[in-house]
Amino acid sequence: MNCRSEVLEVTVEARQVEEAMLALLHTILLHRSTGKFHYKKEGTYSIGTVGTQDIDCDFIDFTFVRVSSEELDRMIRKAVSEFKDALSNSGSDGMGQISLEFYQKKKSRWPFSDECIPWEVWSIKVNVVNLANEQERQICREKVGEKLGEKVINVVEVINRHEYLPKMPTQSEVDNVFDTTLKDVQPYLYKITYQITDSLGTSVSTTMRRD
Amino acid sequence: MESDLKPQDQKDLDKFIKFFALKTVQVIVQARLGEKICTRSSSSPTGSDWFNLAIKDIPEVTHEAKKALAGQLPGIGRSMCVEISLKTSEGDSMELETWCLEMNEKCDKEIKVSYAVYNRLSVLLKSLLAITRVTPAYKLSRKQGHDYVILYRIYFGEVQLSGLGEGFQTVRVGVVGTPIGTITLSCAYRTNLAFMSNRAPDEEDGGQFAGVQDSQEVCATSFSTSPPSQVLHAGKEGGALLMPPHGADVHLTVEHAPNTPSSRRKEEGRRSVSPSDPVESLNAFTRKVGAFVNKPSTQITAASLDLPFAAFAPRGLDSEENDPMVHPPDSPPCPSPLQGSLHSQGSEGSGQQDDFVMVDFRPAFSKDDLLPMDLGTFYREFQNPPQLASLSLHISSQSMADDLDSLPEKLRVYEKNIDEFDAFVDMLQ
C-alpha cells in the first residue's frame with residue numbers, strides 16, 4: 001500500500017519551537033485518535049468519548065485544540081522536548097524536521113519480527129531564526145500565529161480527503177492498528193522521529209522515539 | 001435517488017445529519033463565547049455523546065438551532081448557517097463570519113451509512129473544532145467584554161454573505177459524501193475589518209485619514225449615523241434573531257455589565273479586557289491612521305495601531321483630554337479583586353474610552369530622536385499581559401494535577417537557565 005506523505009514547513013524563533021510543534025502534532029493526533037474500543041459479542045464494538053481542550057500558546061498568538069488526554073500530551077511533549085533540545089544543541093541556525101508516522105503492524109512468523117508498515121507520514125520542517133529586538137519578536141508572535149493557522153487548515157484539508165485509513169480491526173487485530181495502551185483515548189499506532197541538520201547542511205542525528 | 005437507500009439507513013442518515021447540524025452549531029457558538037473550552041475524555045461510552053466526541057449542549061443554543069431548522073434537515077438547497085457578528089457598546093455591529101452547512105448533489109452510493117458516514121462526520125466535527133480557533137473572529141471573541149460582544153444568529157435556507165464586506169475569504173472545513181448528497185462545511189469570513197467601510201451612506205469614510213481635522217469630522221459623521229443593527233436587517237429571512245437583552249444573548253456572550261453578580265456566565269475566569277485589544281487584533285487587517293493622531297505621517301509605521309472602531313471615540317473630545325498621560329483614568333471595574341490588581345498593574349492608563357488614544361505611539365517624556373517606537377512598543381506589549389493560567393478558574397482538577405506534575409520539570413529548566421536569569425538581573429541593575 002502506498003504511504004501518504006505530507007510536509008509542513010514553519011519558521012520560528014527558538015522559544016516558539018516547542019509550542020509550534022505541539023500545536024501541529026496535536027492537531028493531527030486529534031483527527032487520528034478515537035475513543036477507546038470496547039468489543040462486545042459477535043464482533044461488534046462500541047467507542048468511548050474523546051474530550052477536547054483549548055491550549056493557548058505563550059510565545060505565539062495562537063490557540064490550538066488537543067485531545068483531552070494527559071498521557072498522550074505527556075508523550076508528545078517528551079518527544080517535542082527532545083527535538084527542541086537537539087535543535088538548540090546543534091547550533092544557532094539549525095534546521096530540523098520532526099516526523100509523525102502512523103503505521104500498522106503486520107505480524108510475521110518466527111524468526112522474523114513484526115513489520116511496521118507506515119500509511120501516513122507528516123513531516124514538519126522547522127527553521128529556527130534569531131531576532132534582534134522586542135519589536136521583531138512581537139511581530140513574529142503574530143506572524144507565526146497566522147502561519148500555524150494556515151498549517152492547521154492544510155492539515156484539515158488533507159485529512160478531509162478521506163483517503164486510505166486502516167480497516168477497523170477485530171478484537172484480535174486491534175493492537176496492530178491502534179495504540180491501546182492509553183486509558184482514555186486510542187490513537188492510531190504512531191511513532192515520532194526527528195532529524196537535525198546543522199549549519200553545514202549535514203544531517204546529524206535521527207532518533208527513534210517508539211510508542 | 002433516495003429510494004435506493006434501505007429504510008433503516010435512511011432513518012440513520014437523517015438522524016446523523018440532524019445531530020451533526022446541532023453539534024456543529026454548538027461547536028461554533030462555544031468557540032465564540034470568549035472562553036477556553038475543555039471537555040473530558042471518557043473511556044466508557046455513555047451513549048449520549050454523538051460522534052464519540054464530548055461536546056456540551058448549551059440548551060439555549062440547541063433551542064435556537066431547532067427553531068431555525070423548524071423540523072427540516074439541511075439538504076440540497078437548504079443550508080444551515082451560523083452567522084457570527086460583533087456588536088459594540090455603542091450599538092454598531094458588523095458581521096464577522098458565516099459558517100455554512102450545505103449539501104450538494106454529488107452522491108456516494110457505496111458508502112456505508114452507519115459506519116463510514118458516522119466516522120467521517122466525527123472527523124469533520126474535529127476539524128471544525130480546530131478551524132474555529134484559526135479564523136480571525138476567534139481572537140476577537142476571546143477579547144470581547146467592555147467594548148464589544150460577539151453575537152450569533154442561526155438561519156436556514158439560502159446563504160447570505162453580503163454582510164461580510166469586500167474580499168471575504170472562505171475556508172473549507174471538510175466534506176462527507178453520503179448516498180443522498182455530499183455534506184459540506186465551510187466558513188466565509190470578513191477580511192476587511194475597517195468598521196467605516198461597513199456603513200454604506202458615508203462615502204468619505206473609506207481611505208486614509210489625512211489629519212486630525214478630517215478624522216474628527218469622519219468620526220463625528222460615523223458616530224451620528226448609527227445604522228440599524230445588522231441583526232435587525234438579518235431578521236427578514238425568518239432566521240433566529242438574537243439581540244440583547246434577550247436572555248440567550250446575554251447569557252452566552254459574556255456581555256460585561258460591571259458589577260452584575262447575577263450574570264450567568266463565569267466572569268472570574270476571564271482575563272480582564274483591555275479595550276485596546278480589539279484594535280490590536282484588527283491591526284493585521286487594516287492600516288489606517290487613527291483618530292486624534294497629531295502627526296499621521298510619523299505614525300504610519302509597522303507598529304502603529306489602526307483605528308477601525310473610531311466610532312468608539314466619544315464625540316467632541318480632543319486629544320489632550322483623552323491623553324492617558326495627562327489624565328490617567330481609573331481602571332474599569334473588574335470581576336475579582338485579584339484580577340483587578342493584575343489589571344491595574346499591567347495597564348495603567350487603559351480606561352474605557354481613553355484606550356483609543358493609545359494609538360498615539362509617542363509616549364509622554366520620550367524624546368523623538370531616541371527610538372520612540374521601542375518605548376511605545378514596550379508599553380503596548382506590557383499593557384496587555386496574558387492572563388496567568390493559574391488564575392483561570394476554568395481549570396479542572398485534571399489540569400491542576402498536571403500543573404503540579406510539571407513543576408519539577410519547570411524547576412529543572414529554570415535551574416538549567418540560571419545563568420540567563422542572572423545575566424538578566426544584572427542587566428536591570
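Reader: What should I know before we start?

Author: This is a predicted model: local features need pLDDT of at least 70, side-chain atom pairs count only at pLDDT 80 or more, and totals for chains, interfaces and linings use all residues. Residues are numbered from 1 along each chain as its sequence is written, chains are lettered from A and ligands numbered from 1 in the order in which they are written, and side-chain values use heavy atoms, with hydrogens and water left out.

Reader: What about contacts within chain B?

Author: Take the contacts in chain B with a separation of 6 or more: 77% of them link residues 24 or more positions apart. A contact here means heavy atoms within 4.5 Å.

Reader: Which residues of chain B have a positive phi without being glycine?

Author: Phe51(B) is one of them, with phi near 60°, and Ala70(B) is another, with phi near 50°. Phe51(B) sits in the loop between helix H1 (7-30) and helix H2 (59-69) of chain B. Ala70(B) is in the loop between H2 and strand E1 (79-88) of chain B.

Reader: Is Phe51(B) buried or exposed? And Ala70(B), buried or exposed?

Author: Phe51(B) is buried, at a relative accessible area of 0%, while Ala70(B) is exposed, at 56%.

Reader: Let's look at Thr182(B). Where is it?

Author: Thr182(B) belongs to strand E5 (residues 181-189) of chain B, and it counts as buried at 11% relative accessibility.

Reader: What does its side chain reach?

Author: The side chain of Thr182(B) reaches the backbone oxygen of Lys106(B) at 2.5 Å. Leaving out residues up to four places away in sequence, Thr182(B) touches several residues, including Glu102(B), Met103(B) and Val175(B).

Reader: New topic! How many residues are in contact between chain A and chain B?

Author: On the chain A side there are 40 residues, in contact with 45 residues of chain B.

Reader: And what area is buried between the two chains?

Author: About 3,700 Å² is buried between chain A and chain B, with carbon and sulfur atoms giving 51% of it. Buried area is the accessible area (1.4 Å probe) that two parts lose on being put together, summed over both. In chain A, the residues that lose the most area to chain B are Thr49(A), Asp54(A) and His162(A), together 18% of what that side buries.

Reader: How many salt bridges are there between chain A and chain B?

Author: There are 3 salt bridges between chain A and chain B. A salt bridge is a side-chain nitrogen of Lys or Arg within 4 Å of a carboxyl oxygen of Asp or Glu. Arg142(B) and Asp56(A) form a salt bridge through their side chains, at 2.7 Å from N to O.

Reader: Which part of chain A gives the most residues to the side that touches chain B?

Author: That is H3(A), with 9 residues.

Reader: How many salt bridges are in the whole structure?

Author: Over all chains, the search finds 21 salt bridges. In one of them, Asp73(A) pairs with Arg66(A), their closest N and O atoms being 3.4 Å apart. Asp73(A) is buried at 2% relative accessibility, and Arg66(A) is buried at 4%.

Reader: Got one with exposed or partly exposed partners?

Author: Asp114(A) and Lys107(A) meet in a salt bridge at 3.6 Å, N to O. Asp114(A) is partly exposed at 35% relative accessibility, and Lys107(A) is exposed at 55%.

Reader: And what about Glu150(A) and Lys147(A), how are they placed in helix H3 of chain A?

Author: Glu150(A) and Lys147(A) are separated by about one helical turn, because they are 3 residues apart in helix H3 of chain A. They form a salt bridge too, with the closest N and O atoms 3.3 Å apart.

Definitions and conventions
Helix = DSSP H or I, 4+ residues; strand = E, 2+ residues; numbered from the N terminus. Buried < 20%, exposed > 50% of the residue type's maximum accessible area, 1.4 Å probe, protein only. Polar contact = N/O pair within 3.5 Å; in protein donor to acceptor, adjacent residues only side chain to side chain.
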